[in-house]
Amino acid sequence: MLKYAANLSYLYTELPLVDRFAAAAADGFRYVELHEPYSRLAAELRNAALQAHVQTVLHNTAFGDFAAGERGLAAVPGREADFEKHLHEAFVYSSQLGNRLIHVLAGVADNGSSAARATYLRNLALAATEAAKRGLTILIEPINTRDMPGYFLNTIEQAADIQDAVGQANLKILFDCYHVQIMQGDLVRRFERFRERIGHVQIASVPERHEPDTGEVNYRYVLSAVAVSGYDDYIGCEYRPLRDVHGGTTAGLGWRHTVAP
Ligand SMILES: O=C(O)[C@@H](O)C(=O)CO
Ligand SMILES: [Mg+2]
């Protein structure tokens, strides 16, 4: 049985963030994930999760100045001190929320640049070393260049190369099927090939990023292959509900009965 985590940055956005924990629980989710928890006090979110009896499994390091185009800082030369602040903040929230996974955002940087690569390796080594002391796993996620032009990390192969260069066991790949399908395709074979390197999976329809029972990807097939592989980490439900217009996130959860093993 795969373990599904409701992404509270995309699902239940009809509600304030603290109320989304209870909404997810009411729909049967036992796990949730977040992009940026930093707009709320960690204690407030922890209480919301505790009261709803859901476990937070993942959050990201901060985007930074989103309006100015920042999408994280790990691969951005010259911003190491700011990256370290983001990392520290992520650890503080994880100690409050209890999640063991932190997605470190690479940021916008030229992935042909040796300075950006060196900065990324330096920051990831630091993040993985500090995370290991806390029993945490650091994730890196290839993101498609259509949604995030200029983002440093775009393919699973590039992520595996970075993983090898950092060489720390608690640095894993976040395999977001939505991004992988847009950039590369061959989802099942690629998942199987990199299976041992993957620490988290996310799903959404392609190309619209709605519920996984719409769009071009056959998630019934893909998720069955993931289950058969013995994958026992989480599946993040990171989509923008199409059926919001018909009455909110809950109305679009039928896919859990039709495509989810
Ligand atoms: O796929 C995504 O966009 C996210 O998983 C993320 O963390 C960055 O926005
Ligand atoms: Mg994702």
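**A tour of the barrel and its ligand**

Start with the whole protein chain of this predicted model: its mean pLDDT is 96, and 98% of its residues reach 70 or more. pLDDT is the predictor's confidence in each residue, from 0 to 100. The scores for the model are ipTM 0.98 and pTM 0.97. Residues are numbered from 1 along each chain as its sequence is written, while chains are lettered from A and ligands numbered from 1 in the order in which they are written. As this is a predicted model, local features need pLDDT of at least 70 and side-chain atom pairs count only at pLDDT 80 or more, whereas totals for chains, interfaces and linings use all residues.

**The barrel**

Select residues 21-242. An unreviewed UniProt entry annotates them as "domain: Xylose isomerase-like TIM barrel"; UniProt positions follow the numbering used here, feature names are shortened, and annotations may be inferred rather than shown by experiment. This stretch is 41% helix and 14% strand, with its end C-alpha atoms 20 Å apart. Helices (H or I, at least four residues) and strands (E, at least two) are DSSP runs, numbered from the N terminus.

Now show the strands. Eight of them form a closed barrel in the order E1-E2-E3-E4-E5-E6-E7-E8, with parallel pairing; two strands pair if DSSP finds at least two bridges between them. Zoom in on E3 (residues 55-60) and E4 (residues 101-103), which are joined by three bridges.

**Around ligand 1**

Which residues surround ligand 1? They are His-35, Asn-60, His-103, Glu-141, Ile-143, Asp-176, His-179, Gln-202 and Glu-238, where a residue is near a molecule if its C-beta atom, placed from the backbone, lies within 6 Å of it.

Keep Glu-141 and Glu-238 selected: the unreviewed UniProt entry marks both as "active site". They are spread over 98 residues of sequence but cluster in space, the largest C-alpha distance being 13.1 Å. Glu-141 sits in the loop between E5 and helix H5 (156-166).

**Two loops to check**

Go to Val-206 and Pro-207, which are joined by a cis peptide bond with omega of about 5 degrees. Pro-207 belongs to the loop between strand E7 (198-203) and helix H8 (219-228).

Finish at His-53, in the loop between helix H2 (42-52) and E3. Phi of His-53 is near 60 degrees, a positive value in a residue other than glycine.
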